[in-house]
Amino acid sequence: MTDKLPYAEVIGDPIEHSKSPLIHNFWLDALGIEAEYRKTHVTGDGLSAYFLARRADPDWLGCNVTIPHKIAVMDYTDDPGGVRERIGAMNTIASETGGPLIGTNTDAGGFLQPLLRDRWKGQSAVLVGAGGAARAILFALTSLGVPDIAVMARDAAKGQALLDRAGVRGRVIDMADALPRADLLVNTSSLGMVGQPVLDLDLSPLGPEATVYDIVYAPLETELLKAARIRGLKTLDGLEMLIGQAALAFDIFFDADAPRERDEELRALLLAA
């Protein structure tokens with residue numbers, strides 16, 4: 001690959017763990033598209049300089065955004081789709097050279113894809129975490145009409161603000177509290193990620209038909225998912241949402257549909273990486 005190719009990238013702090021370049025470059029190669037996808041370490045203090053430089057780069061197509069910038073990047077983007085009001089976090093930004101930065105969110109759609117595929121019909125959910133990913137996932141669950149939602153957060157005020165922003169009459173529970181009975185448990189936080197504390201929860205209050213969904217993908221087999229499988233619960237791992245949201249972003253950046261018929265090959269590649 002040369003420096004002259006059009007490119008998109010993922011930004012975050014940290015960023016070393018990101019598997020997004022592997023996914024997008026796999027699809028680019030499969031479709032014969034002459035472009036590339038990178039990962040770039042950007043700190044919170046460096047966001048302004050980053051966007052200033054990228055807007056002047058004629059080869060830059062846009063970026064995905066990961067921890068911890070999904071809320072902060074909204075200060076630098078236009079929002080024609082009303083993502084700021086509806087979700088309150090952005091994970092995908094695109095631009096034509098010198099033009100405005102257009103922000104959107106593919107996390108919500110990516111999160112929903114495996115639930116829709118599995119025809120999930122639950123009525124209650126617990127979200128662990130109250131950050132940018134939680135905002136998108138809460139929006140996704142409310143779009144399904146899930147009536148009973150609880151947010152488990154270290155900061156009760158932040159958890160309540162998450163519910164209030166979404167207009168959801170849910171409840172906030174402390175990280176030390178027992179889980180309520182629920183049809184779906186989602187870890188939206190970085191707990192369990194490489195370098196982060198383990199998310200250690202007693203899953204016994206969950207019903208026998210519950211699904212445990214962990215959006216962490218490094219490691220893919222988190223302690224939470226291990227515990228869920230020991231109990232015989234259905235599990236969804238972080239690659240489900242990662243690949244789903246990446247496919248939506250791929251279309252935005254490269255104006256092409258991701259070849260999802262090759263998902264099994266892609267998952268094998270990701271697991272071997």
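## Report on a predicted protein model

The protein has 26 positive and 38 negative side chains, and the centres of the two sets lie 4 Å apart. Here Lys and Arg count as positive and Asp and Glu as negative, while His and the chain ends are not counted; each charge is placed at NZ of Lys, CZ of Arg, CG of Asp or CD of Glu. The model is predicted: local features need pLDDT of at least 70, side-chain atom pairs count only at pLDDT 80 or more, and totals for chains, interfaces and linings use all residues. Residues are numbered from 1 along each chain as its sequence is written, and side-chain values use heavy atoms, without hydrogens and water.

The protein contains nine helices and 11 strands, taken as DSSP runs (helices H or I, at least four residues; strands E, at least two) and numbered from the N terminus. Of its 273 residues, 54% are buried, that is, under 20% relative accessible area with a 1.4 Å probe and protein chains only, whereas exposed means over 50%. The C-alpha trace spans about 55 × 40 × 35 Å along its principal axes.

Helix α6 covers residues 156–166, and its buried residues are Gly159, Leu162 and Leu163. Seen down the axis of α6, these residues fall within an arc of 90° (from the directions of axis to C-beta atoms), so they line one face of the helix. The face turned away from this buried side carries the exposed residues Ala157 and Asp164.
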